Amino acid sequence: MRKISVDWLAVIGAIALTFLVWAGALPDIPW
Amino acid sequence: MHPAISEPSKRTVAISGSFFRLIPGILLLTVIGYAGKVTEQSITTYGKAHHIALPNIEYVLWAILFGLIVSNTIGIPAMFRAGVDTYEFWLKIGIVFQGVRFMVGDVLRLGGTSLVFVAIELAVSIALMTWLGRRFGLSEKLTSLLAIGSSICGVSAIIASRGAIDADDEEVSYAIGAILALGAFSLLAFPAIGHALHMSDSTFGMWAGLAVDNTAEATAAGALYSDAAGKFAVLAKTTRNATIGFVVLAYSLYWAKKNGGKEIANKGAFLWQKFPKFVLGFIGISLLASLSVFNKAQMTDLANLSRWAFLLTFAGVGLRTDLREIRKQGLRPLFVGAVGEFAIAGLTLAMLLGAAPLLHF
């Protein structure tokens, strides 16, 4: 079973979401 | 380790079908966090509609409070536990996105300043905890764990060093229990002291980041004060976290020698292994923001993603704090921890208040 640290998972997840925001693939994120 | 004291940092996550096991707990974090946000908004709206000046209690406190109520009354059913443990993932993803709120120049300037404070804080807290542990007759291993936990980043640091120190599960539980109990207390005490001293957002944030042990609690304490203070707390805490490898390495070398265990052959690899990688993500996003890769709307979106991630984190802070377990841990480690933390909080506060006029925070 492949394992990945939570730290790297968070970095990869954040990069993926950042790319989607940058590419305009996500709707505006309200708060 | 007692099962009721959840070990938040599992360090690794299996990528397999177990993803579906996480969904109920993540939904619980979302519901509790969102309930906190709705409560804050509802109170503000009610106050405005009825022209009543109600105190603005941040969603952070509501989310933690609702989580505490659930975990200390009905408890967390087994099916939710795996998902609730993901709060550490949301914390780290939230920290990475916070990078968008800092220009690289700010990170270097404030990070450099923080590093000086962190160095002093590390030296004092390790010396103080070691002295207190001996004075009150705690075992040397427990004293080491408390010193590591109080000097750097609470639970993750304790877990990172447990193997090297070869501590008993009970000692690890004690140290984690004491750090979590003190973290919960800090959430109430720090903002109250900050308001009493009329501290600026930046000074308060730096203080929370330097003195509150666990990353989630430090972030929450900053956010409880203000959104801007939360941002500074994250930066100071991230700097502190970055030193984890050095302190754990020093303790590992000491205990390897003492226990006659094998020496650490490649110290560089050890440091890299213990280095919190999300710090790199934080710097990366900050770098991209500084290079104007994002427009204003995208920067807002990323900052808001950070807030949503923290919303889940704060719900998790409440949910994993079991007050009954903390009571069972015994008073001595808690007392040693409390005396040490009080002194560290006082020292870092004095350093920051003394340096603030010079540093133009």
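This is a predicted model: local features need pLDDT of at least 70, side-chain atom pairs count only at pLDDT 80 or more; totals for chains, interfaces and linings use all residues.
**Figure 1. Chain A in overview.** Chain A contains one helix and one strand. Along the principal axes, its C-alpha atoms occupy a box of roughly 35 × 20 × 15 Å. Of the 31 residues in chain A, 32% are buried.

**Figure 2. The interface between chain A and chain B.** Contacts across this interface involve 21 residues of chain A and 32 residues of chain B. The size of an interface is often expressed as the accessible area lost when the parts come together. Here the area buried between chain A and chain B is about 2,500 Å², and carbon and sulfur atoms give 73% of that area. On the chain A side, the residues that lose the most area to chain B are Val6(A), Asp7(A) and Trp31(A), which together account for 30% of what that side buries.

**Figure 3. Polar contacts and the chain A side of the interface.** Seven residue pairs are in polar contact across the interface of chain A and chain B, with both residues of each pair at pLDDT 80 or more. In chain A, β1 (3–5) and α1 (6–22) each supply at least two residues of the side that touches chain B. The greatest contribution to this side comes from α1(A), with twelve residues. Sorted by class, the side of chain A that touches chain B comprises 14 nonpolar, three polar and four charged residues.

**Figure 4. The salt bridge between Lys92(B) and Asp7(A).** In the structure as a whole, seven salt bridges are found over all chains. The pair shown here joins two chains, because Lys92(B) lies in helix α4 (residues 87–98) of chain B and Asp7(A) in helix α1 of chain A. The closest N and O atoms of Lys92(B) and Asp7(A) are 2.7 Å apart. One salt bridge is found across the interface of chain A and chain B. Both Lys92(B) and Asp7(A) are buried.

**Figure 5. Salt bridges of Asp227(B).** Asp227(B) forms a salt bridge with Arg101(B), in which the closest N and O atoms are 3.0 Å apart. This pair links distant parts of the chain, with Arg101(B) in the loop between α4 and α5 of chain B and Asp227(B) in helix α11 of chain B, 126 residues apart. Asp227(B) also forms a salt bridge with Arg307(B), where the closest N and O atoms are 2.8 Å apart. Distant parts of the chain are again linked, since Arg307(B) belongs to helix α15 of chain B and is 80 residues from Asp227(B). Asp227(B) counts as partly exposed, at 38% relative accessibility, whereas Arg307(B) counts as buried, at 15%.

**Figure 6. Helix α11 of chain B.** Helix α11 of chain B spans residues 227–242 and has 16 residues. The distance from its first C-alpha to its last is 23 Å, close to the 22 Å expected at 1.5 Å a residue. Twelve of the 16 residues of α11(B) are buried, so the helix is largely enclosed by the rest of the structure. Among the buried residues are Phe232(B), Val234(B), Leu235(B), Lys237(B) and Arg240(B). Asn241(B) also lies in this helix, and at 3% relative accessibility it counts as buried. The C-alpha atoms of Asn241(B) and Ala157(B) are separated by 8.6 Å, although the two residues are 84 residues apart along the chain.

**Figure 7. The surroundings of Ser114(B).** Ser114(B) is located in helix α5 (residues 104–135) of chain B. Because its relative accessibility is 0%, Ser114(B) counts as buried. A polar atom of the Ser114(B) side chain lies 2.7 Å from the backbone oxygen of Leu110(B). Apart from neighbours within four places in sequence, Ser114(B) is in contact with Met206(B), Leu210(B), Ala236(B) and Thr239(B).

**Figure 8. Positive phi values in two loops of chain B.** Most residues other than glycine have a negative phi. His51(B), which is not a glycine, has a positive phi of about 50°. His51(B) is placed in the loop between α1 (19–49) and α2 (59–72) of chain B and counts as exposed at 73% relative accessibility. Ser292(B), likewise not a glycine, has a positive phi of about 55°. The loop between α14 (278–290) and α15 (296–319) of chain B holds Ser292(B), which is exposed with a relative accessible area of 59%.

Technical notes: Residues are numbered from 1 along each chain as its sequence is written. Chains are lettered from A and ligands numbered from 1 in the order in which they are written. Side-chain values use heavy atoms; hydrogens and water are left out. Helices (H or I, at least four residues) and strands (E, at least two) are DSSP runs, numbered from the N terminus. The expected span of a helix is 1.5 Å times one less than its number of residues. Buried means under 20% relative accessible area, exposed over 50%, partly exposed in between (1.4 Å probe, protein chains only). Contact means heavy atoms within 4.5 Å. Buried area is the accessible area (1.4 Å probe) that two parts lose on being put together, summed over both. A salt bridge is a side-chain nitrogen of Lys or Arg within 4 Å of a carboxyl oxygen of Asp or Glu. A polar contact is a pair of N or O atoms within 3.5 Å; within protein, one must be able to donate a hydrogen and the other to accept it, and residues adjacent in sequence count only if both atoms are side-chain atoms. Ala, Val, Leu, Ile, Met, Phe, Trp, Tyr, Cys and Pro count as nonpolar, Asp, Glu, Lys and Arg as charged, and the others, Gly among them, as polar.
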